[in-house]
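This briefing concerns the structure shown below. Please keep the sequence and the coordinates at hand while reading.

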Amino acid sequence: MDWFWAFVFTQVVEIPIYVYGLRVRVYEAFGASALTHPIVWFVIPNLWERIYLAVFAPHPSLWISAVPRYWIMVVIAETFAVTAEAGYFRFIGKKKTLGWAFAANMASVTLGFASRALFDWP
């Protein structure tokens, strides 16, 4: 259920930004996060952990504690989301997509972390 509310939160933040900035329809804006959010939520954390355990963990000089390791994963996930969503909008014929994808994703992740810290939601 955590994923569902995080997905709803992401859509509420990102859709208006894309509709305003890229002049897309609501369903087109919805499609961007609908494609990336499950990967950001379910695939990238597990993939990053596997990579860490296989590549970094065997070498004590490369060990990363849990908190920095989490933030590295967040950077990887958000980089994926920004580039994939920019590519999606470019594919449907929009211009200046990277800036708007960056703005939308940074807004949703920043507000999401703030909401989590203040209200323990989503």
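The points that follow treat the fold, the helices, the nonpolar cores, the aromatic pairs and the backbone exceptions in turn.

The model is predicted. Its secondary structure consists of 4 helices and 0 strands, and the order of elements from the N terminus is α-α-α-α. The C-alpha trace spans about 50 × 35 × 20 Å along its principal axes.

**Overall fold**

- The protein has 122 residues, of which 36% count as buried.
- Among contacts between residues at least 6 apart in sequence, 65% join residues at least 24 apart.
- An unreviewed UniProt entry lists residues 6–22, 29–48, 68–88 and 100–119 under "transmembrane region".
- One of these listed spans, residues 6–22, is 100% helix and 0% strand in the model, with its end C-alpha atoms 23 Å apart.
- Another, residues 29–48, is likewise 100% helix and 0% strand, and its end C-alpha atoms lie 27 Å apart.

**Helix α4**

- Helix α4 covers residues 97–119, and its 23 residues should span 33 Å at 1.5 Å a residue. The end C-alpha atoms are 32 Å apart, which agrees with that expectation.
- The buried residues of α4 are Thr97, Ala101, Ala104, Asn105, Ser108, Val109, Gly112 and Ser115.
- The cover over these buried residues includes α1 (2–22) and α3 (66–91).

**Nonpolar cores**

- The largest nonpolar core has 15 residues, and those touching the most other members are Tyr18, Leu22, Val24, Ala29, Ala32, Phe89 and Ala101.
- Helices α1, α2 (26–56), α3 and α4 are the elements that each give two or more residues to this core.
- The greatest contribution to this core comes from α1, with 6 residues.
- A second, separate core holds 9 residues, including Ile44, Trp48, Met73 and Val74.

- His37 lies in helix α2.
- Is His37 buried or exposed? Its relative accessibility is 9%, so His37 counts as buried.
- The side chains of His37 and Trp3 are joined by a polar contact of 2.8 Å.
- Leaving out residues up to four places away in sequence, His37 touches Trp3, Ala6, Phe7 and Thr10.

**Aromatic pairs**

- A pair of aromatic rings is described by two quantities, the distance of the centres and the angle of the planes.
- The model contains 14 aromatic pairs.
- In the pair of Phe4 and Trp5, the ring centres are 4.9 Å apart and the planes stand at 75°, so the pair is edge-to-face.
- Phe4 is partly exposed, with a relative accessible area of 36%, and Trp5 is partly exposed with a value of 36%.
- Phe7 and Phe30 also form an edge-to-face pair, because their ring centres lie 5.7 Å apart with the planes at 80°.
- This second pair links distant parts of the chain: Phe7 belongs to helix α1 and Phe30 to helix α2, 23 residues apart.
- Phe7 is buried, with a relative accessible area of 11%, whereas Phe30 is partly exposed at 37% relative accessibility.
- Ring pairs join Trp3, Phe7, Phe30 and Phe42 into a cluster. Two members of this cluster, Trp3 and Phe7, are also among the residues that His37 touches.

**Backbone exceptions**

- Most residues other than glycine have a negative phi, and most peptide bonds are trans.
- Lys96 has a positive phi, near 55°, although this residue is not a glycine.
- Lys96 is located in the loop between α3 and α4 and counts as exposed, at 71% relative accessibility.
- Which value does phi of Asp120 take? Asp120 has a positive phi of about 55° and is not a glycine.
- Asp120 sits in the segment after α4, and this residue is exposed, with a relative accessible area of 58%.
- Pro122 is also found in the segment after α4.
- The peptide bond that joins Trp121 and Pro122 is cis, with omega about 0°.

Note on methods. Residues are numbered from 1 along each chain as its sequence is written. This is a predicted model: local features need pLDDT of at least 70, side-chain atom pairs count only at pLDDT 80 or more; totals for chains, interfaces and linings use all residues. Side-chain values use heavy atoms; hydrogens and water are left out. The expected span of a helix is 1.5 Å times one less than its number of residues. Buried means under 20% relative accessible area, exposed over 50%, partly exposed in between (1.4 Å probe, protein chains only). Contact means heavy atoms within 4.5 Å. A nonpolar core is a set of buried Ala, Val, Leu, Ile, Met, Phe, Trp, Tyr and Cys residues joined through side-chain atoms within 4.5 Å. A polar contact is a pair of N or O atoms within 3.5 Å; within protein, one must be able to donate a hydrogen and the other to accept it, and residues adjacent in sequence count only if both atoms are side-chain atoms. UniProt positions are given in the numbering used here, feature names are shortened, and annotations may be inferred rather than shown by experiment. Rings of Phe, Tyr and Trp (its six-membered ring) pair if their centres lie within 6.5 Å; planes under 30 degrees apart count as stacked, over 60 as edge-to-face and the rest as tilted.
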